[in-house]
Each structure stands twice: as structure tokens, then as C-alpha cells.
Amino acid sequence: MISASPTERTSQSSKLRVEDLNVYYGDFHAIKHANLVVPENIVTALIGPSGCGKSTFIRALNRMHDLTPGVRVEGTVVLDETNIYEADLDPVTLRHRIGMVFQRPNPFPKSIYENVVYGPKIHGLRSRKSLLEIAERSLRNAALWDEVKDRLHQSALGLSGGQQQRLCIARVLAVEPEVILMDEPASALDPIATSKIEDLIGELKKTYTVVIVTHSMQQAARISDYTAFFLLGDLVEVGKTSDIFTKPKDKRTEDYITGRYG
Amino acid sequence: MTAAAHPARFRTSQSIAAQRRFADRLATVILWGCALAIVVLLAFFVGYILYLGLPTISWHFLTAPPSEVEAGGGIGPEIFNSFYILILTLIFTVPTAMAAGIFLQEYARPGVFTTTVQFCAESLATIPSIVMGLFGLIVFVSLLRWHFSAIGGALTLTILNLPALMRVTQEALSSVPNAFREGSMALGATRWQTIVRVVLPSAIPPLTTGVILIAGRIFGETAALIYTAGVSVSPGKSAFDWGLFHPAETLSVHLWYTHSEGLIPDGAQVGNGTALVLLVVVLLFNFSARILGRWLSRRLTGA
Amino acid sequence: MYGLVIATRPSRASLNESVAKAVLLSACIVVVAAMGALLFYLAIEGTRLIFADHINPFVFLFHTTFDPDSREPGAFVFIAGSIFVTLFAICVGGPFGVAVGIFFSELAPPRVSALIKPAIEVLVGIPSVVYGWLGLTLLAPLVRTYLGSQTGFGLLTAGVVLSVMILPTVISLSEDALAAVQTPLKEGSMALGATRWQTIYRVILPAARSGLTVAVILGIARAIGEALAVQMVIGNSAVLPRGLLNPTATLTTEIVTDMGSAQPGTILQHALFSMAFLLLLIAMALIVFVRVALRRQV
């Protein structure tokens with residue numbers, strides 16, 4: 001309900017602007033009047049107890065809810081200057097600009113190479129040379145190249161969980177999005193793989209705007225510049241990560257930070 | 001600003017985006033078209049059979065014995081035989097298939113025996129029914145010297161339909177949540193007590209639906225019966241021939257026989273009427289399976 | 001007293017348990033025995049042609065003249081006929097069935113599914129003779145009138161009837177295969193900006209490949225084993241067809257047509273049993289293919 005706008009800092013321009021967003025699962029009001037501004041080239045973390053709506057929220061940012069029958073989204077989400085929920089906007093083109101990494105690694109049952117070039121191919125890129133370039137660049141940027149360069153044409157399902165997740169990130173990088181949404185990308189991974197993903201996110205924000213859902217406050221503190229706190233469908237508070245963790249304005253945020261909610 | 005930060009970014013050209021959208025819409029239209037075509041096809045079949053057959057239907061046609069050479073024969077004994085063989089088949093099939101299905105689902109552990117049973121069931125399910133008919137011819141007609149008989153036909157159909165009913169049983173049982181079993185076993189019930197008192201009762205709705213649907217298929221089966229139950233009915237006035245060892249031509253066999261071997265001049269009308277009766281009975285089986293299944297599950301879960 | 005009751009109960013229960021288990025087990029043995037007997041008797045009757053009549057199996061498999069009276073029971077025409085109608089059915093009914101399978105698993109709103117699915121169950125239930133009758137009274141006259149075939153009976157008519165008959169098998173199995181593809185894969189593709197069709201075509205269909213193979217194999221099994229519907233419309237002449245409109249015969253239709261008049265112990269009867277045995281072997285081979293396809297999936 002409270003809209004703390006990080007755009008007070010003039011050096012940052014806003015990439016995504018969420019205004020009065022509501023999501024319903026049938027009769028259940030899952031996100032209530034959420035407002036949020038996501039600055040460019042910054043990592044914004046969404047935190048909150050499980051079931052608070054943070055995943056529901058992030059899936060509204062690239063219209064993934066369109067794919068699930070029975071979900072209704074109201075309100076506006078503005079990417080640069082365009083409202084992505086405008087009637088004549090093609091969600092397919094939109095998802096090209098806003099990439100998404102999911103909770104569990106979901107590589108396609110194809111070779112590593114085919115996974116990475118899947119996006120460019122479906123967007124009409126045919127030249128083998130550019131596809132190879134894109135594959136190498138994306139895998140390098142996802143810090144996976146050295147581990148897989150000798151087996152690009154083997155099945156992606158043979159990779160470890162952490163490698164699979166970095167492959168999924170490479171797959172998103174390959175379509176060169178402007179925003180990358182991550183829905184608890186490390187929750188299914190071991191600590192070593194997790195720290196690799198976290199390092200990677202630090203690199204990504206130089207080029208991309210990142211929004212990440214995490215259930216771990218430590219992770220949010222380590223990697224994000226801004227943090228938004230969700231509780232029971234309300235976006236309770238948003239601000240610079242250091243402020244949220246040291247001097248939260250809302251009592252509920254404080255309770256959560258100090259461990260009084262599950 | 002954005003462009004400067006990402007010099008390499010490629011974006012889908014307008015024409016490619018339009019192409020993709022077009023392909024997507026085209027595919028959607030085609031897929032919907034295919035699905036609707038099925039419904040139209042079925043409606044057309046049913047309508048056409050009704051149109052052909054209705055003029056033939058009369059009380060006489062439904063009850064009179066068939067004629068070999070003259071016009072004006074009925075299908076009374078054939079209707080009786082179809083139901084008679086169906087019931088005999090169910091009497092053999094249901095207990096055997098359910099027992100085997102229960103064993104596979106609730107008792108069997110992976111191993112050579114389970115694999116063998118599964119493989120035999122799958123093979124039986126795939127064997128053409130005419131081949132099954134010849135097996136019945138070898139065993140029941142020749143070897144056991146039963147000649148063409150209702151019981152030989154029913155036993156042949158039993159083997160033919162065992163696998164399908166086993167599958168139905170296994171699926172019905174697997175739809176019962178494991179928590180039910182654990183709850184019962186935790187109270188000290190044996191596995192068999194658990195099956196009889198907890199698992200089977202909750203599997204009744206899907207089992208009923210499955211059995212009726214399979215009954216519909218048994219009713220319409222033909223190829224396996226021509227050389228086991230035969231293509232003739234016992235001479236005599238009564239349509240009801242309870243003789244297990246008498247030849248028992250069913251409706252579907254009669255439809256085939258009038259067309260390919262029959263001599264009667266009104267074969268087309270008799271065929272049209274027979275096809276109509278077959279279709280109506282099969283539709284009734286389908287509807288009752290659906291309605292009864294829904295009613296049972298509402299009664300078992302609701303009350 | 002009470003203690004006694006508690007003490008006796010387990011032994012009675014465990015007795016029941018072992019009796020029940022034995023009964024259930026014997027039902028499984030019935031299934032195995034039925035398959036064993038089937039294989040055994042058809043193998044015996046099906047090889048009399050070779051061992052009793054001393055006919056070269058090569059003659060049976062590859063000769064095109066079927067003249068059992070002069071010791072030449074060449075079944076090649078029937079084998080070819082079976083292959084032709086089956087190929088026709090799977091080429092027409094296969095893609096159509098998979099398309100409807102895709103419709104159910106990816107497109108159909110639940111209400112539409114609930115409306116169309118019962119229709120498919122009815123299609124399964126319609127007896128094969130009724131399909132044959134429809135082919136006979138509806139399709140054959142059309143073929144006669146519009147395509148200039150003399151009788152309307154032949155490969156084309158039989159193939160079309162079979163295409164419809166295998167639809168339910170292909171639809172329900174391909175739907176199962178496609179529905180088993182996990183949502184995260186679909187979402188992964190959509191999130192990269194793929195259209196629904198691109199996702200189906202490039203991710204879902206490849207991921208469901210082995211299940212779709214099974215759907216097609218079992219469709220083939222259904223087509224190759226169908227006897228009466230085909231027999232009623234294929235024309236039943238033991239010649240290789242020169243075109244889609246020519247009458248021919250298949251393994252199953254030949255059995256149906258001639259078994260009634262085959263005298264026991266003749267080469268004709270033995271040849272028909274050999275055809276049945278061949279069909280049995282084909283069915284079992286298809287089941288082995290299914291198992292291989294499913295194992296590859298894991």
C-alpha cells in the first residue's frame with residue numbers, strides 16, 4: 001500500500017513501474033494494490049514469508065499469468081514508456097524484452113547448444129555464425145562456458161543442478177532482454193552453486209535490470225540494491241536494501257526481519 | 001541510453017513477428033478445426049445410421065427370428081444372444097480381471113513374474129480379435145468339440161477383454177490415495193482387509209464406469225465370434241435360447257453375415273436396422289457409464 | 001476372554017491374507033496361461049503349412065499367387081495389403097489424432113474438453129461392423145460416384161474407414177504423452193518469448209517423442225488387426241492393387257473371407273492359420289517396440 005519510490009535518486013531512471021497491481025486466483029485476492037518502481041541496472045529483491053505473493057507478483061511482470069486459466073490481473077505495469085497490459089500489446093514480444101529464470105532449472109531436453117540458441121532461433125535468427133557467437137557469449141556471461149565448451153552438443157539434462165540453472169540464465173541472456181526476472185533461482189541448489197549464481201547476478205546488473213524473488217533475507221542483503229517486502233498479498237515496504245534491513249519503517253517489516261514471522 | 005548500453009541487442013523484425021503470429025493463429029485454427037471435425041463426424045455418423053435404420057425398426061423386426069432366404073426376418077434371437085454372451089463374458093471376465101488387477105496393483109513387487117504378467121496382458125490387448133477368434137476355433141470348437149457355442153464365444157471374448165479390464169482395475173486402484181491404505185494398515189488391518197474395506201469401496205465409481213464401457217465393447221465385438229459362437233441361431237419360435245452349447249449369432253455378427261454371406265433380398269434394410277440397434281445400445285452403455293459413475297462418486301464422497 | 005480374542009485374531013486374519021493372495025495370484029496365472037496357450041496353439045496350427053504340408057515358408061511369404069489347391073499358398077498380396085491399408089490409416093489418422101491430442105492437452109478450455117471427450121469414447125464404442133456398414137453405405141457410393149471407381153470398394157475406402165477407427169487410440173495416447181510434459185518446460189519456452197505454437201512444435205512435441213511413438217505404434221496395431229470393417233469395404237480380391245481405387249485383400253480380411261469354407265486339414269486352412277500366427281507375431285513385435293520406446297524415455 002505504501003509506495004516508497006526509489007526514483008528520488010535522480011541518477012537512476014526507472015525501468016519498470018508497477019501501479020495499483022491486483023492479481024486474483026478466482027475469488028482469492030492474491031496481490032492487493034501493489035505499487036513499485038524498479039530502477040534500471042539495479043538488483044531489486046522481493047522478500048516475504050512463503051505464500052505472501054512475491055512469486056505471483058513477479059509472474060505478473062512478464063504476463064506469465066496469461067498462461068494460467070482462472071488468473072486475473074488488474075492495474076498497470078509500465079516498461080519504459082509502454083503499459084505491458086495494454087490490449088493490443090503482444091505478450092510474446094514483451095517476453096522477449098523481459099526474461100525469466102524459474103525456481104527449478106528447466107532446461108529443454110535438447111543439447112546444451114540447442115538450449116542456448118532456442119530463443120534467438122524462435123525470434124527468427126538463422127545464421128549459424130551469429131548463433132554460435134551468441135551461444136558462446138551467453139555461456140561466458142553465465143559463467144558456464146569453461147565447464148561446457150567441450151560438450152556443447154551433449155544433452156543439457158546431463159548437467160548438475162547448478163550448471164542447469166546457469167544454462168537457463170544463459171538461455172535468457174541469449175535473447176538479450178532488458179529485464180531479467182528471477183523466481184528463487186537458487187532455492188533448489190546447494191550452497192556452492194548458490195554462491196556462483198549470486199556472483200553471476202552481481203555481474204548481470206551491469207548490463208541488465210534484475211528483479212529477484214528470494215526466501216532468504218541473507219541472499220537479499222548480499223545481492224540486492226533495493227528490497228521490497230511482501231506480506232499476505234500486500235507490498236508492505238520498499239526501499240534501499242540497507243535501509244530495509246537496518247531501519248525498516250513498517251512494524252511488520254521489522255517483525256519479519258527480526259525473525260518474528262515464519 | 002539503452003541502446004548505448006546494449007549495442008548487440010537484436011530485436012525481432014516486424015515481418016518475422018507477423019509471420020510468427022500468423023503461424024500461431026493458423027495452428028490454433030487448425031487444431032480447433034480437427035477437434036470440432038471429430039464431433040461433427042460422430043454426429044453425422046449417428047444421424048446417418050438413424051436415418052437409414054429407423055424405417056426398418058418395428059416390433060416384429062426386434063422380436064422375430066431371422067430369415068435365411070426370404071424377406072421379412074427379424075433380429076429377436078440376435079438381440080438376446082448379444083446380451084446373453086455379454087453377461088456370460090462379464091461373469092468370467094470381471095472376477096478374473098479384477099483379481100489380477102488387484103494383485104498387480106496392491107501386492108506385486110517388480111520382478112520377473114510381474115513383468116511376465118504385464119507383458120502377457122499387453123500382448124493379449126494387442127492381438128487382433130480375428131486371431132483370438134481362430135484361437136477359440138482351435139480350442140473350444142475343435143479341441144473340446146463344443147462346436148459353435150455361446151460359451152465358446154463368451155470364453156473367447158473373456159480372454160480378449162481381460163487386459164482392458166485389468167487396466168481399468170489398476171487405474172481405479174491407483175486413484176485411491178495411499179493415505180487411505182496407510183491409515184488402515186496403521187490400525188493393524190492386513191493388506192487384504194485394507195483392500196476389501198478401504199481401497200475397493202473408494203475405487204467403485206471408476207470401476208463401474210470402466211466395466212460398463214468395456215461391456216459396450218464386448219456387445220459390439222464381432223470378429224472373435226464368427227468362428228466361435230457361429231453365424232446361426234437355434235431354430236425354434238422362442239427368441240430366448242439359454243443353451244450354453246448352442247450356436248449363438250449376435251447382432252454384430254448378424255450385421256456382417258447379412259452383408260457378406262446372406263441370401264435374403266432385404267439384406268440392406270435388415271443391415272440398416274441392425275446397425276441402428278447396435279449403435280443405440282452402445283450409446284446407452286456410454287451414457288449410463290457416465291451417469292452412473294458420476295452418481296456413485298457423488299454418493300460416496302458427498303453423503 | 002478378551003485377551004484370547006485379541007490373540008486369535010491375527011492368525012485368522014493372516015490365514016485370510018494368504019488365501020486371498022493365492023486367489024489373486026492365480027488370476028494372474030490365468031492371464032499368463034491364456035497367452036501361453038494362444039501362442040502354443042497358433043504356433044502349432046500356424047506351422048502345419050511348413051511341417052505337415054512341406055510348403056516352403058518363402059512361398060508363403062513372398063509369392064503373389066494364392067492358390068492353395070495347387071500347393072501355392074502365396075500370401076504376399078495379403079501381407080502387402082495389410083501394410084498398405086495400415087500405412088494409409090496411420091498417415092491420415094496419425095497426424096489428425098495427434099492434432100486432436102495437442103488440442104486437448106494444450107488448447108482446449110476444460111468445458112470444451114468435457115464436451116468433446118465423451119464423443120471420443122463413443123467413437124471407441126462403435127462396433128467395427130458398424131464402421132464397416134458406414135463405409136459400405138456411405139463412403140463406397142461416394143467413391144463410386146465422384147472418383148470413378150467401379151465398385152467403390154478398395155484400398156482408399158478401407159484406408160479411410162481405418163483412419164477413423166484408429167483415431168481414438170491415437171488421440172488418447174498422444175494426449176497422455178503430451179500432458180506428461182511438465183509445465184516448467186512450457187513456461188521456460190514462453191518466458192523466452194516463444195509463441196504457443198513455437199512452444200508446442202519445438203519443445204512439447206520433441207519432449208513427448210517417445211510417448212507419441214507409442215501412440216502411433218498402437219494405432220498401427222489397431223489398424224493391422226482390424227478385420228471386419230476392412231473386409232466389408234476392401235473388395236476382397238487377391239491381387240496386388242495398382243492404385244488406391246483398386247480392390248485388394250489383407251491378412252485379416254482373407255481369414256474372415258475364407259475360414260468359413262476351409263475344410264480342416266487342407267492347405268487353405270493351414271495357410272489361414274499361418275496368417276493368424278503371422279498377425280500374432282506382428283502384434284507381439286509391436287508390443288516389444290512399445291516397451292523399447294518407453295524405456296528410452298526414462
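**Exercise 1.** What is the area buried between chain A and chain C, and what percentage of it do carbon and sulfur atoms give?

*Solution.* This is a predicted model, in which local features need pLDDT of at least 70 and side-chain atom pairs count only at pLDDT 80 or more, while totals for chains, interfaces and linings use all residues. Residues are numbered from 1 along each chain as its sequence is written, chains are lettered from A in the order in which they are written, and side-chain values use heavy atoms, with hydrogens and water left out.

The buried area (accessible area, 1.4 Å probe, that two parts lose on being put together, summed over both) is about 1600 Å², and carbon and sulfur atoms give 66% of this area. On the side of chain A, the residues that lose the most area to chain C are A:Phe108, A:Tyr118 and A:Ile122, which together make up 30% of what that side buries.

**Exercise 2.** Find which residues form a salt bridge between chain A and chain C.

*Solution.* Applying the rule (a side-chain nitrogen of Lys or Arg within 4 Å of a carboxyl oxygen of Asp or Glu) across this interface gives 1 salt bridge. The partners are A:Arg59 and C:Glu187, whose closest N and O atoms are 2.6 Å apart.

**Exercise 3.** Describe how domain 1 and domain 2 of chain B meet.

*Solution.* The assignment, automatic or from a database, places domain 1 at 12-54 and domain 2 at 57-302. Their C-alpha centres lie 34 Å apart, and 6 residues of domain 1 are in contact (heavy atoms within 4.5 Å) with 7 residues of domain 2. Between these two domains of chain B, the count of salt bridges is 0.
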